[in-house]
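Hello,

Here is the structure I promised to hand over. Have a look at it first, and my notes on its pockets follow below.

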Amino acid sequence: MKFEWRKKEKDLYIPKQKPELVTVPKQKFLMIQGKGNPNHEEFAERVGVLYSLAYAIRMMPRNGYTPEGYFEYTVYPLEGIWDLTEEGRQLDELNKDELVYTIMIRQPDFVTLEVVKRAFERVREKKPHPYLEEVKFETVEDGMSVQMLHVGPFDDEPQTFEKMDVFLEEQKLERVSLTHREIYLSDIRRVEPSKLKTVLRYQVKPRD
């Protein structure tokens, strides 16, 4: 039976449209860093190489290699950690050219460095990519976090963050850093902006 993250991990990926506290465990990711406007082609290229590797792992049994512990699963959604350059933080309005990001796709627990190396080899052979060598395989543990489902255009996210910030005050919590995580549940190519679903999340700690 295929592992469906939408059904098995609802607490992490299908939150409600109100702020909630969640503990995010250690997770394995394929990730790549970048800078600049996410509407530009460079961002799309970086997303593309992540998906090439993710599907290379997902399809390994069909290509003659079955990793130890492998199980059928749905590829996890794209995620992004967002920040601004020092110059960008000084501006009164958001300049998307000053965005700094790490985009990533989570991998199942059976994925090891050896499995990732095989995926790299597969992608090199099938479709060489200019950003392939920039991709890293790492484990991340966000721990205590506040998250909320945002429905609508990305440019309207500040309204959702305001609700999350109010929740922090009520719960006597504070953000660990100015960065935040976004998990993209919708295909931006197929879903109109008003219906886009994005999980917004940031790490928190008890207020001193």
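**Pockets in the model**

About 310 Å³ of space lies in the second largest pocket. A pocket here is an open set of points on a 1 Å grid over the protein atoms alone, where a 1.4 Å probe fits, with protein on both sides within 12 Å along at least five of seven lines. Volume is the space filled by probe spheres set on the points, which are joined across faces, edges and corners.

This is a predicted model, in which local features need pLDDT of at least 70 and side-chain atom pairs count only at pLDDT 80 or more, while totals for chains, interfaces and linings use all residues. Residues are numbered from 1 along each chain as its sequence is written, and side-chain values use heavy atoms, without hydrogens and water.

Back to that second pocket: 13 residues line it (lining means an atom within 4 Å of a point), and Y51, S52, V123, K126 and K127 lie nearest its centre. Two or more lining residues come from each of α3 and α5 (113-126), with α3 giving the most, 6 residues. Helices are DSSP runs of H or I of at least four residues, and strands are runs of E of at least two, numbered from the N terminus.

The largest pocket holds about 1,800 Å³ of space. Its lining has 50 residues, and P38, W82, F154, E182 and Y184 are the closest to the centre. Here too α3 (41-58) gives the most, with 7 residues. Among the other elements that supply at least two are β2 (78-84) and α6 (157-171).

Best wishes
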